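Biologist: Please walk me through this structure, from its overall division down to single residues.

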Amino acid sequence: MRTKAEKSKQIRNALAASVAALLCATVAALIAKLCFKVGAYVVFIAFAISFAVVLAVLILLWKKTDLLRKILYLLHCVKNPKGSRKYFCPCCNRDFSSFSDLKLYEDTERYDPARFRKQRQDVICPFCYSAPRQRILACWAEANVSLLKNSKILYFAPEYSMMKWFRRNNIKLTTADLFDPKTDLKLDITDIDLPDGSYDMVICNHVLEHVSDYGKALTEIGRILKPGGKLIISFPIDPSLDTVLEKPAEIPEERVRLFGQNDHVRVFGRDSAELIGSYGFSVNVIDAGKMPGNILPVTGPADYDSDQIFYCGKTSK
Ligand SMILES: [Zn+2]
């Protein structure tokens, strides 16, 4: 689900593309009028065709090549010379003078603003929108490239920022989601339509707080992993809770109040490692404390956006 900030950015991009196309079409119409001395009908055709072609090309370029983001990043680099760009995003491999505050706490329909008061908010990469946990994972991945290259990986609900890292490092993987039509496979994580022992590694970040039965999901992940297979998993953790909090909440406002976000159906607690372990995994935490300071390894932006990423090994057969 897109945030309000992402939606307004898309609207701004669409407006900018329309203005650019309008300018190009006007120039084309003027050229047609002045140089070729054609009639109003032909001028209008030239205007309409130019507008449509320029708009289509811009949308294609922006969607496929991050053109607008690259232009904005270039301007950022001109304004902020190398020495002043002290923050680094390992997901998109770019450095910045600061990370961004997406003001998620202003979207009160989707988020509980009370959960955004204890953390720094300027923690989102302005280029690829990585949060601290994704930059922590990218740093871990940098140190484990050969393991990743030699593993058959299934990535549930692939994150844009991490996919940038995987593509840059030429690591092949299969993506899956129940709703996202852009992924390779349409899979229900609580009833995965794949044979036992199909994959060496499953990556599953911020999925379990959305699904109907997290236990079924963990059981299914264990089933499709090969013996000794690896699971990288993270989800919102409320450090004030002993254990997972889940209860029926049909109304979105109720889910915002209980779990912090209108499409979450639970929030996990301090016993998360033991809980994963009870489904047949050995559990290690990827240590955010060992990551470089310039990736800003703090939790956030929400209180439940833990920097704990669990690196698990399948122990059961
Ligand atoms: Zn980034």
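**Domains, sheet and metal site**

Modeller: The chain is divided into domain 1 (4-65) and domain 2 (96-314). Bear in mind that this is a predicted model.

Biologist: What distance separates the centres of domain 1 and domain 2?

Modeller: The two domains span 4-65 and 96-314. Their centres are taken over C-alpha atoms, and the separation is 40 Å.

Biologist: Which residues are the protein donors of the zinc ion, and how far from it do they lie?

Modeller: Along the sequence, the donor residues follow the spacing C-x2-C-x32-C-x2-C. Each donor atom is an SG, from Cys-89, Cys-92, Cys-125 and Cys-128, and they lie at 2.3 Å.

Biologist: What arrangement do the 4 donor atoms around the zinc ion make?

Modeller: Look at the angles the 4 donor atoms subtend: they run from 103 to 116°. Four donors count as tetrahedral if all angles lie between 85 and 135 degrees. The arrangement is therefore tetrahedral.

Biologist: Are Cys-89 and Cys-92 buried or exposed?

Modeller: Cys-89 and Cys-92 each give an SG donor to the zinc ion. The cut-off for buried is under 20% relative accessible area. Both of these residues are buried.

Biologist: Which strands stand at the edges of the open sheet?

Modeller: The open sheet has 7 strands with mixed pairing, in the order S7-S6-S5-S8-S9-S11-S10. An edge strand here has a single partner strand, so one side of it is left without a neighbour in the sheet. That applies to S7 and S10 (281-286).

Biologist: Which residue stands opposite Leu-185 of S7?

Modeller: S7 (residues 185-186) pairs with S6 in the parallel sense over 2 bridges. The residue opposite Leu-185 is Ala-176.

Biologist: What is the relative accessible area of His-264?

Modeller: His-264 has its place in the loop between helix H8 (252-259) and helix H9 (272-277). Leaving aside neighbours within four places in sequence, its contacts are Glu-209, His-210, Pro-236, Arg-255, Phe-259 and Tyr-304. His-264 is buried, and the value is 2%.

Biologist: How far apart in space are Leu-30 and Val-43?

Modeller: Leu-30 is found in helix H1 (residues 4-36). At 48% relative accessibility, Leu-30 is partly exposed. In sequence, Leu-30 and Val-43 are 13 residues apart; C-alpha to C-alpha, they are apart by 7.7 Å.

Definitions and conventions. Residues numbered from 1 in each chain as written. Predicted model: local features only at pLDDT ≥ 70, side-chain atom pairs only at ≥ 80, totals over all residues. Heavy atoms only, no water. Pairing = 2+ DSSP bridges. Helix = DSSP H or I, 4+ residues; strand = E, 2+ residues; numbered from the N terminus. Donors = N, O, S within 2.8 Å, 3.2 Å for Na, K, Ca; no water. Tetrahedral: all angles 85-135°; square planar, octahedral: opposite > 155°, others 65-115°. Buried < 20%, exposed > 50% of the residue type's maximum accessible area, 1.4 Å probe, protein only. Domains from an automatic or database assignment. Contact = heavy atoms within 4.5 Å.
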